[in-house]
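Visitor: I am new to this structure. Could you show it to me and then walk me through a few places in it?

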Amino acid sequence: MAFLRELFGPSKDEIWRQLCDQVGGEFVAGRFWTGSKVQVQHKQWTVTLDTFTESHGEHGSRTYTRMRAPYVNKDGFRFTVYRRGFFSDLGKLFGMQDVEIGEPEFDDAFIIKGNDEEKLRKLFADPRVRQLFERQPKIHLSVRDDEGWFQARFPEGVDELYFREPGVIKDLDRLKALYDLFAEVLDRLCRIGSAYDDDPGVAL
């Protein structure tokens, strides 16, 4: 085991337990049919970190790291934010919506989409929110209605803040910054009138 640790570095569970120590979370060990996960209580919200595997048919399957936090969406405000790249720039040429928030460096680095431009600008007016996004080398964060036909169905008025990325993230500093981003965005959504600081009544 020591040889494997030296060869591949600390295991995912080892890193995730360290994350729990830093953020006051609970490590839930995996079972035969489910993987391990981290759950952190931030005010009335529960932020869940785990992995899942998605089948891609003939192309095999892929494992993703995801972070989720259901919350009561007060006004139906939804958005998606991700780092700009070749394909995102190509999409913009074909008319893909990209809202600019008035911060040139941030606008140059990220694609921002949403159903309320004014709320988007209010969300990203917070320097701390922008800073936490900038700390993520790769990021795709969105607000989703629920998890689809075969997963969790949310009560009326409940959405979730949702992040996923291919692969298993074992960078402790990055995971801590990602949790901080979730907490800050949830707090900011409350401050701009788009979320309630209430228990959404959803268990992941």
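Guide: Strands (E, at least two residues) and helices (H or I, at least four) are DSSP runs, numbered from the N terminus. The model is predicted, with local features needing pLDDT of at least 70 and side-chain atom pairs pLDDT 80 or more, while totals for chains, interfaces and linings use all residues. Residues are numbered from 1 along each chain as its sequence is written, and side-chain values use heavy atoms, without hydrogens and water.

Visitor: How many bridges join S3 to S4?

Guide: Eight bridges do so, and the strands run antiparallel; S4 covers residues 61-73. Two strands count as paired if DSSP finds at least two bridges between them. The hairpin of S3 and S4 has five residues between the strands, and Gly 57 there takes a positive phi near 60 degrees.

Visitor: What about S2 and S3, in which sense do they pair?

Guide: S2 (residues 37-42) pairs with S3 (residues 45-55) in the antiparallel sense, over five bridges. Val 38 has Leu 49 in S3 as its bridge partner. Two residues lie between S2 and S3 in their hairpin, where Lys 43 in the turn has a positive phi of about 55 degrees.

Visitor: Changing topic: is Lys 12 buried or exposed?

Guide: Lys 12 counts as buried because its relative accessibility is 17%. Buried means under 20% relative accessible area, exposed over 50%, and partly exposed in between (1.4 Å probe, protein chains only).

Visitor: And what is Lys 12 in contact with?

Guide: Leaving aside neighbours within four places in sequence, Lys 12 is in contact (heavy atoms within 4.5 Å) with Ser 36, Thr 51, Val 168 and Lys 170. Lys 170 is 158 residues from Lys 12 in sequence, yet their C-alpha atoms are 5.7 Å apart.

Visitor: Which residues of helix H6 are buried?

Guide: In H6 (residues 127-134) they are Val 129, Arg 130, Leu 132 and Phe 133. These lie on the same side of H6, because they cover an arc of only 165 degrees around the axis, taken from the directions from the helix axis to the C-beta atoms.

Visitor: Which residues have the most contacts inside the largest nonpolar core?

Guide: They are Phe 79, Phe 124, Phe 133 and Val 185, in a core of 46 residues. Helix H7 supplies the largest share of this core, 10 residues. A nonpolar core is a set of buried Ala, Val, Leu, Ile, Met, Phe, Trp, Tyr and Cys residues joined through side-chain atoms within 4.5 Å.
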